[in-house]
Amino acid sequence: MSILRKKGLAIATAVYWFLLLYIVAVLVWWFIALQQQNRQMTDYKLAELSVRDPGYAEKLQNINREQQLKATRNIGEGASFLLVIIIGAVLVYRIVRRQFRISQQQQNFIMAVTHELKTPIAITKLNLETLQKHKLDAGKQQKLLSTTLEETERLNTLTSNILISFQLDGGRYRIAREDLDLSALTATCVQQFSHRFPDRAWKVSIEEDVAVNGDPLLLQILINNLLENAIKYSPKGSPVAFRLAAAAGSAELAIADRGPGIPEGEKKRIFERFYRMGDELTRKTKGTGLGLYLCRKIARDHHATIHVLDGEGGGSRFVVNFRR
Ligand code: ADP
């Protein structure tokens, strides 16, 4: 958070608390004034009353009852005002904080996207220039080409994520409803990843002929994002497990890694738009916070659920459950 924004937030919070305290103080003052007025009126009426008056006892009782009644009414009105003020204040506080968080996350997203777009373009340009200027041996050429391909792959994932998520949010994407062979679709995704990351121990178990109804492009994005995260958030060389199985009336897809896992308190939040775990300054991984948001959106559009569990040997396990 920039210092200017922090200062702005501190000023807004101070003004908010000042106004709230001021309103409550005015309310308390109003209550005390009313009570005093009530007491004065009672004193005045009592002064007017004479002991020799024939109905003295009854009149005295009436005056006291009236005072009690007024006091109760003042307390009731005061309490309802206070309640309304407190509810309003809590609502405003929550809405403002939420808006602030969203705008903060949007800013982070724009910064991340700019960075994420620039890096692969710069690397690709440099690699291509190197290939053009220098006569490299075949091995080095291959290495440069594969890192270039890797970068363009990242660029491709990033742009599809951004485009599709904005199209889905804006209702401008027409979701296909095809009968699909989920086994074949997942096998292709996993194959591409195992080809890109051969240093990983891939534990793949894909049951054949698992069918779902849906959009092949969206489902591919869902699977690729989960695979991408499994690779991105776990140490090089660590195993990645992929499993697709049909269960009674449903199909279950699970991707497990041996990364740091997701703390309990973050398990829901990671699916929020632009949400990324940790702090801007300490975070080492690249990303935009759109991947899992998109996964959840796609899952919901396919009447599926997505959640994350702790992996058996550490790490995390993302599970997508399709109802068929
Ligand atoms: P991005 O990866 O671009 O930050 P995502 O929406 O894909 O955005 O993920 C949101 C956050 O969830 C990530 O920033 C990361 O902190 C956490 N996360 C996602 N997948 C994993 C994983 N497999 N292991 C650990 N943390 C993860």
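These legends go with several close-up views of a predicted model.

Local features here need pLDDT of at least 70, side-chain atom pairs count only at pLDDT 80 or more, and totals for chains, interfaces and linings use all residues. Residues are numbered from 1 along each chain as its sequence is written, and side-chain values use heavy atoms, with hydrogens and water left out.

**View 1. Two domains.** The protein chain is split into domain 1 (3–106) and domain 2 (178–323); such bounds come from an automatic or database domain assignment.

**View 2. Who sits around the ligand.** The shell has 17 residues, and Tyr233, Asp257, Arg276, Thr288 and Leu292 come nearest (near means that a heavy atom of the residue lies within 4 Å). Sorted by class, you get eight nonpolar, six polar and three charged residues. In this sorting, Ala, Val, Leu, Ile, Met, Phe, Trp, Tyr, Cys and Pro are nonpolar, Asp, Glu, Lys and Arg are charged, and the others, Gly among them, are polar.

View 3. Look for a side-chain N or O atom of asparagine 229, 2.9 Å from a ligand oxygen. On its own the ligand has 530 Å² of accessible area, and the protein covers 96% of that (Shrake-Rupley method, 1.4 Å probe). Elements giving two or more residues to the shell are α5 (216–232), α6 (291–301) and β7 (316–323); helices (H or I, at least four residues) and strands (E, at least two) are DSSP runs, numbered from the N terminus.

View 4. Arginine 154 pairs up with glutamate 151, with the closest N and O atoms 3.5 Å apart. (A salt bridge puts a side-chain nitrogen of Lys or Arg within 4 Å of a carboxyl oxygen of Asp or Glu.) Both residues belong to helix α3 (residues 138–169), about one turn apart. Glutamate 151 counts as buried because its relative accessibility is 12% (buried is under 20%, exposed over 50%, partly exposed in between, with a 1.4 Å probe and protein chains only).

**View 5. A salt bridge between helices.** Here glutamate 228 meets arginine 196, again in a salt bridge, the closest N and O atoms being 3.5 Å apart. Glutamate 228 is in helix α5 and arginine 196 in helix α4 (residues 182–196), 32 residues apart. At 14%, glutamate 228 is buried.

How values were computed. Polar contact = N/O pair within 3.5 Å; in protein donor to acceptor, adjacent residues only side chain to side chain.
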